[in-house]
2 protein chains.
Amino acid sequence: MRIAIVGAGNVGTTLGGGWAKAGHQVVYGVRNPTDAGVARRVASTGAAARTATVADAVAGSEVVLVATPWTATQEALASAGSLADRIVLDCTNPLKPDLTGLSLGQTTSGGEQVAGWAPGARVVKIFNTTGFNNMANPRYPEGAATMFYCGDDAGAKQVAAALASDLGFDPVDAGPLTSARLLEPLAMLWISLAIRGQGREIAFRLMRR
Amino acid sequence: MRIAIVGAGNVGTTLGGGWAKAGHQVVYGVRNPTDAGVARRVASTGAAARTATVADAVAGSEVVLVATPWTATQEALASAGSLADRIVLDCTNPLKPDLTGLSLGQTTSGGEQVAGWAPGARVVKIFNTTGFNNMANPRYPEGAATMFYCGDDAGAKQVAAALASDLGFDPVDAGPLTSARLLEPLAMLWISLAIRGQGREIAFRLMRR
């Protein structure tokens with residue numbers, strides 16, 4: 001396929017390099033196509049890789065990958081010309097500049113609400129990201145299901161992790177209680193996958209290498 | 001440990017049963033401890049299991065598991081007595097009654113915003129939930145990293161999934177574009193785990209059995 005990649009950062013050039021190797025035709029749409037640094041970075045991803053303006057790259061493509069930093073995304077799309085009927089793959093994330101959270105779409109969590117309803121309690125968010133079938137048996141052929149947990153009290157988190165281990169889970173610390181804003185959507189993802197046809201015998205695992 | 005489980009539904013009784021087997025002492029705090037149905041369900045999780053009022057169960061415990069439906073959570077905590085300094089494990093999720101999303105904390109997503117900036121485009125949210133190191137090589141000892149994607153155009157999603165497969169990912173359909181509200185927090189989880197000491201050589205896999 002002819003793929004336009006908007007943005008030539010780590011994500012864009014890595015995906016572009018992989019697709020070039022897989023036989024796709026890749027062009028990078030960037031603000032300044034003649035910039036020497038961009039040209040070098042793009043060339044390193046494959047002999048045939050080239051740069052163009054965002055509009056030119058998009059015009060000749062079957063698929064557009066948006067791989068810009070979030071703050072540059074609106075402007076990049078505005079400079080792309082019409083995108084009507086185009087296949088647009090969006091791999092951006094609306095991150096806060098300090099990477100402490102998402103700058104868009106999130107306001108609070110059930111975990112924080114529970115802490116508000118239980119004044120002084122050492123609250124840990126845990127056992128919310130999978131079904132009870134996996135709580136009965138968290139062992140899968142590839143390994144144990146991961147149990148993410150978060151909270152603001154180190155001692156309480158140790159207890160929570162041990163109780164997850166007792167059931168056979170692989171416990172993983174996901175940070176402070178505000179990370180419930182990440183774990184509750186993960187629960188919703190599990191539920192929607194289960195409902196949408198995958199069934200309940202699915203579980204998340206955090207792999208390491 | 002002495003564990004009070006508030007709520008005797010599927011999640012509460014499964015966790016309670018597992019912990020009883022692991023040697024912990026489990027008591028269920030419920031609205032009506034003498035209810036025959038509750039007593040039967042609780043008895044099925046282990047010989048020593050018993051029920052009590054929420055306040056009594058909590059009073060004698062070292063750890064409190066909150067395993068209520070979201071809409072019953074505030075009332076259950078209010079009936080628990082003081083929870084100050086207690087270890088509280090929160091496994092609730094603020095789900096909408098029809099399970100289409102979270103009722104709390106979420107308003108929109110970058111993916112939906114991108115679709116708004118690209119009128120008519122067939123937007124797929126994809127390649128946002130992992131680092132570029134995994135895009136260069138998504139293969140782990142246990143299997144391929146999962147690449148979740150979502151969008152409202154079936155054809156565009158097929159193309160996106162094929163492009164993920166070309167790189168070695170295991171593509172998994174996460175539903176409509178509004179599921180970007182789930183995939184962007186998943187990205188934030190990956191980032192925060194990587195920053196918080198796990199490093200970048202980690203990846204999510206959806207296991208099946």
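How many residue pairs, both at pLDDT 80 or more, are in polar contact between chain B and chain A? The count is 39, where a polar contact is a pair of N or O atoms within 3.5 Å, one able to donate a hydrogen and the other to accept it, with residues adjacent in sequence counted only if both atoms are side-chain atoms.

This is a predicted model, in which local features need pLDDT of at least 70 and side-chain atom pairs count only at pLDDT 80 or more, while totals for chains, interfaces and linings use all residues. Residues are numbered from 1 along each chain as its sequence is written, chains are lettered from A in the order in which they are written, and side-chain values use heavy atoms, with hydrogens and water left out.

**View 1. The interface of chain B with chain A.** In contact (heavy atoms within 4.5 Å) are 106 residues of chain B and 105 residues of chain A. The two chains bury about 8800 Å² between them, 68% of it on carbon and sulfur atoms, this being the accessible area (1.4 Å probe) lost on putting them together, summed over both. On the side of chain B, B:W117, B:M207 and B:R209 lose the most area to chain A, together 11% of what that side buries.

**View 2. A salt bridge between the chains.** The side chains of A:D90 and B:K125 meet at 2.9 Å, N to O, in a salt bridge, defined as a side-chain nitrogen of Lys or Arg within 4 Å of a carboxyl oxygen of Asp or Glu. Between chain B and chain A the count of salt bridges is six.

View 3. Strand β6 (residues 122–125) of chain A and strand β5 (residues 87–90) of chain B run parallel and are joined by four bridges, strands being DSSP runs (E, at least two residues) numbered from the N terminus and pairing if DSSP finds at least two bridges between them. The bridge partner of A:V123 in β5(B) is B:V88.
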